[in-house]
Amino acid sequence: MKSYAHLFLERAEQSGEKRALLFRRDGRWHEMTWRVFSDQIRRAAQALVSLGVEAQDRVAVWSHNQPRWTVADLACQCVRAVSVPIYPTNTARQAAYILKDSEAKVIFVGSEDQLARALLVMGELPHVKAVVRLDEAAGEPVSEKVMTFDQFLALGDAASLSDAVSARLAEAGPEDLLTLIYTSGTTGEPKGVMLTQSNVLYQMTSHEERIPPCGETDVSLCFLPLSHVFERTWTYYVFHKGMTNAYLDDPKQVMEALAQVRPTVMCTVPRLLEKIYGGVHEKVQSAPALRRRLFRWAVAVGDDVFRREKDDLAVPAGTRMQHGLASALVLKKLQGLFGGRIRFMPCAGAPLSAEIERFFCAVGIPIVCGYGLTETTATVTCHEPKGFSFGTVGRPLPGQDVRLDRRTQEILVRGPNVMKGYYNKPEATAAVFTEDGYFRTGDAGSFDAYGELIITDRIKDLFKTSGGKYIAPQMIETLIGADPAVEQIAVVGEGRKCVTALIVPSFENLEGFLTEKGLRGLSREDLVRHPVVMEFYGRKIDELTRDLAPHEKIVRFTLLPKEFSLEDGEMTPTLKLKRKIILERYAAVIDAMYRDMDRRES
């Protein structure tokens with residue numbers, strides 16, 4: 001197979017009038033067949049040719065999740081163009097850098113807001129031939145280069161370029177660039193990761209050998225941004241296997257969409273699982289004693305059954321009967337939070353605590369933890385259906401060679417999934433490869449006795465206290481962040497005498513505690529300074545970190561009334577902390593914690 005487009009079109013031909021996808025419009029979910037979907041892709045490909053897009057030219061897609069995102073992406077592949085995703089939340093300046101560096105000829109935009117941001121920088125982009133509005137447009141044209149999606153498709157119809165597209169696709173090869181995905185650039189200017197057709201084709205076959213079988217009866221909820229490699233590569237796999245892809249345009253409505261779509265599979269990130277876990281446990285804590293005992297018993301039975309089946313051990317008949325009762329009374333209600341049909345959920349993007357992973361597996365929502373980067377076309381390792389260990393991210397996929405640097409324990413990867421390099425940046429490319437061709441991930445890790453990978457931390461996030469002790473902040477954050485009372489936490493201490501933290505309470509999960517203490521009427525700003533709340537979190541942190549080494553324990557913390565957010569640039573699209581930005585933004589708060597300690601000690 002020469003390209004992913006060949007795989008897709010083969011599937012479209014095979015599936016015809018079957019359902020390919022779901023999308024929301026006017027508050028309702030609508031279907032689209034494979035025939036209609038592939039027809040739009042072919043027409044869009046012809047339109048790109050009519051606009052003068054040549055093989056390996058770059059085309060940007062700047063939009064929220066929607067079917068036309070994939071139409072634009074696959075139309076690029078049909079004419080051997082290179083799609084360049086831009087996060088829907090990127091500012092005009094951030095997008096301008098990507099559009100200039102990639103020299104994109106066409107820009108697909110989603111919302112009116114994204115169109116407005118694109119128009120702000122159009123004067124700097126003489127290479128852009130057209131801006132295509134993916135959303136339904138209203139009103140007068142705002143620029144001669146701007147067109148509606150229907151106008152764009154009509155360009156291809158008028159030009160009768162079907163033969164040209166077929167000829168272009170016939171020339172496609174495995175080493176063609178498929179996409180440029182620009183890294184977030186939190187430690188410097190963004191770098192365009194060059195991923196080829198062969199990188200993506202490898203991931204289609206490698207996942208078939210690792211994760212449970214998928215097919216036409218499966219429905220996947222597409223809620224993580226398609227501009228990120230995780231959801232994008234998973235979407236390719238969804239269509240390759242003939243599944244239905246349900247596009248969610250607003251990720252904040254994921255819980256509502258889960259109930260409506262009732263997916264059978266979907267990729268997710270730890271943040272969603274942590275919030276659901278916290279909400280469940282808060283409700284259990286405020287429930288009557290009998291219901292609390294029933295919940296704990298049901299989860300324990302589910303855990304026993306899951307671990308036996310995972311390790312290919314027999315489940316006694318009595319335990320199986322208990323599990324049926326536990327499911328009827330408790331577990332099916334918890335499964336209902338995800339729509340009640342989930343078979344498994346790949347999870348990546350940040351560390352997930354073993355406790356939370358084990359909980360969801362116990363209630364009948366298997367989590368397939370994995371590890372990967374943009375530069376590795378997503379997955380490097382992931383759990384196998386049987387025999388994996390909680391707290392790990394599994395073994396390398398078939399065909400990948402993963403080793404650890406002897407000195408730094410950095411994870412090094414070599415294989416068919418590894419990028420071609422960084423676009424227009426030969427020096428940066430050379431810096432991330434070893435002499436024998438391994439990609440330096442920037443993550444530290446270890447292998448357990450069974451060959452499963454354990455992620456320690458981002459090497460650039462590791463820091464040393466003024467006393468010379470190394471601290472792995474992600475490990476501490478994962479440990480404390482698993483508690484239902486903690487919404488977010490950022491561990492601090494680079495060059496300082498001890499470890500401190502910025503903590504955002506889970507105000508929603510604190511309702512029972514606040515009611516009990518008579519604090520329900522206070523504002524968040526008052527709550528984070530209240531002595532009763534501070535004492536509550538002090539005791540909780542001491543309890544959660546009791547097994548840490550003395551130099552790893554949190555000596556002082558500050559509670560924050562507002563969450564770190566994607567909109568404020570404090571988190572990545574997969575909801576990981578942008579540590580550098582947080583440290584800069586809260587420098588005064590951090591300095592105040594250490595000054596207060598100095599005063600108390602003097």
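Asp-461 and Arg-579 form a salt bridge whose closest N and O atoms are 3.6 Å apart; the term denotes a side-chain nitrogen of Lys or Arg within 4 Å of a carboxyl oxygen of Asp or Glu. Asp-461 lies in the loop between β20 and β21 (463–464) and Arg-579 in helix α20 (residues 579–585), so the pair ties together parts that are 118 residues apart in sequence. Helices (H or I, at least four residues) and strands (E, at least two) are DSSP runs, numbered from the N terminus. Asp-461 counts as buried at 11% relative accessibility, and Arg-579 is buried with a relative accessible area of 13%. Buried means under 20% relative accessible area, exposed over 50%, and partly exposed in between (1.4 Å probe, protein chains only).

The model is predicted: local features need pLDDT of at least 70, side-chain atom pairs count only at pLDDT 80 or more, and totals for chains, interfaces and linings use all residues. Residues are numbered from 1 along each chain as its sequence is written, and side-chain values use heavy atoms, with hydrogens and water left out.

The domain assignment, which is automatic or taken from a database, gives domain 1 (4–172 + 219–242), domain 2 (270–341 + 344–458) and domain 3 (463–599). The C-alpha centres of domain 2 and domain 3 are 25 Å apart. Their contact (heavy atoms within 4.5 Å) takes 17 residues from domain 2 and 17 residues from domain 3.

The area buried between domain 2 and domain 3 is about 1,400 Å², with carbon and sulfur atoms giving 53%; buried area is the accessible area (1.4 Å probe) that two parts lose on being put together, summed over both. On the side of domain 2, Arg-271, Glu-282 and Asp-457 lose the most area to domain 3, together 40% of what that side buries.

Two salt bridges are counted between domain 2 and domain 3. A salt bridge also joins Lys-275 to Glu-487, with the closest N and O atoms 2.6 Å apart. Lys-275 lies in helix α11 and Glu-487 in strand β23 (residues 486–492), so this pair ties together parts that are 212 residues apart in sequence. Lys-275 counts as partly exposed at 39% relative accessibility, whereas Glu-487 counts as buried at 10%.

Elsewhere, Asp-526 forms a salt bridge with Arg-529, the closest N and O atoms being 3.2 Å apart. Asp-526 is partly exposed, with a relative accessible area of 35%, while Arg-529 counts as exposed at 58% relative accessibility. Salt bridges that share partners join Arg-271, Glu-274, Lys-275 and Glu-487 into one network.
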